[in-house]
Amino acid sequence: MTCLAFVGMAAAMGAVEIPWAPGYFVSRDGLVFSSRKRLPVQGLRLLKPGRHTLGYSRYGICVEGKTRSSFGHRLVADCFLEEQPGLPVVRHRNGNPRDNR
């Protein structure tokens, strides 16, 4: 799949830019995309998650030259849920740590 296909796929999924990470996008389904260019190919690239020891999806997000490790479910919450005062923890509705919806 080409990068241009990823742009269309991200738009179709309603992916939004991560507020604290310019150039990175997340969909409601927990897919994370990057528009960073390492090669002359332009467009979005689907990032592959690493796995935390408890099974959670973890992504390396590079901001200002430093890589920050972020959980997929936290990225979805940051972009699509309102902040709840006094509730700093994000949990999975179905209890499955691999399901970032």
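A: Two strands pair if DSSP finds at least two bridges between them. Helices (H or I, at least four residues) and strands (E, at least two) are DSSP runs, numbered from the N terminus.

Q: And what sort of model is it?
A: This is a predicted model, in which local features need pLDDT of at least 70 and side-chain atom pairs count only at pLDDT 80 or more, while totals for chains, interfaces and linings use all residues. Residues are numbered from 1 along each chain as its sequence is written, and side-chain values use heavy atoms, with hydrogens and water left out.

Q: OK, what stands opposite C62?
A: T67 in β7 stands opposite C62. Another position in β7, S69, is opposite G60.

Q: How many bridges link β6 and β7, and in which sense do they pair?
A: There are six bridges, and β6 pairs with strand β7 (residues 66-71) in the antiparallel sense. The hairpin they make has two residues between the strands, and E64 takes a positive phi near 55° there.

Q: What about E64, is it buried or exposed?
A: Exposed, because its relative accessibility is 79%; the cut-offs are under 20% relative accessible area for buried and over 50% for exposed, with partly exposed in between (1.4 Å probe, protein chains only). E64 is in the loop between β6 and β7, and its positive phi occurs in a residue other than glycine.

Q: What does β5 do?
A: Strand β5 (residues 50-51) pairs with strand β6 (residues 57-63), antiparallel, over two bridges. R51 has S57 in β6 as its bridge partner. β5 and β6 also form a hairpin, with five residues between them, and G55 in that turn has a positive phi of about 100°.

Q: Switching topic: how many aromatic pairs are there in the whole structure?
A: One, from a search of the whole structure. The ring centres of Y56 and F71 are 5.9 Å apart and the planes are at 65°, so this pair is edge-to-face. For the cut-offs, rings of Phe, Tyr and Trp (its six-membered ring) pair if their centres lie within 6.5 Å, and planes under 30 degrees apart count as stacked, over 60 as edge-to-face and the rest as tilted.

Q: Which parts does the pair tie together?
A: Y56 lies in the loop between β5 and β6 and F71 in strand β7, so the pair ties together parts 15 residues apart in sequence. Y56 counts as partly exposed because its relative accessibility is 25%. F71 is partly exposed as well, at 28%.

Q: What lies over the face of W20?
A: R68, at 3.8 Å from the ring centre. A charge sits over a ring if NZ of Lys or CZ of Arg is within 6 Å of the ring centre and within 35 degrees of the ring normal.

Q: Now the other sheet: what is the strand order?
A: β1-β2-β3-β4, an open sheet of four strands with antiparallel pairing. β1 (16-17) and β4 (45-46) stand at the edges with a single partner strand each, so one side of each has no neighbour in the sheet. Strand β3 (residues 32-34) pairs with β4 over two bridges, and F33 is opposite L46 in β4.

Q: What packs on that sheet?
A: Helix α2 (residues 72-80) does, touching β1, β2 (24-26) and β3, with its direction at about 90° to that of β2. Contact means heavy atoms within 4.5 Å. Axes are lines fitted to C-alpha atoms, for helices over the stretch in contact, and angles run from 0 to 180 degrees between N-to-C directions.

Q: How many residues of α2 are buried?
A: Seven of its nine. They are G72, H73, L75, V76, A77, C79 and F80. The cover over them includes β1, β2, β3, β6 and β7.

Q: And which residues are in the largest nonpolar core?
A: That core has 12 residues, among them I18, Y24, V32, Y59 and L75. α2 gives the most, with four residues. A nonpolar core is a set of buried Ala, Val, Leu, Ile, Met, Phe, Trp, Tyr and Cys residues joined through side-chain atoms within 4.5 Å.

Q: What is Y59 in contact with?
A: Leaving aside neighbours within four places in sequence, its contacts include V32, L47, R68, S70 and L75.

Q: And S70, buried or exposed?
A: S70 counts as buried because its relative accessibility is 5%. S70 is in strand β7, and its contacts beyond four places in sequence include W20, S57, I61 and L75.
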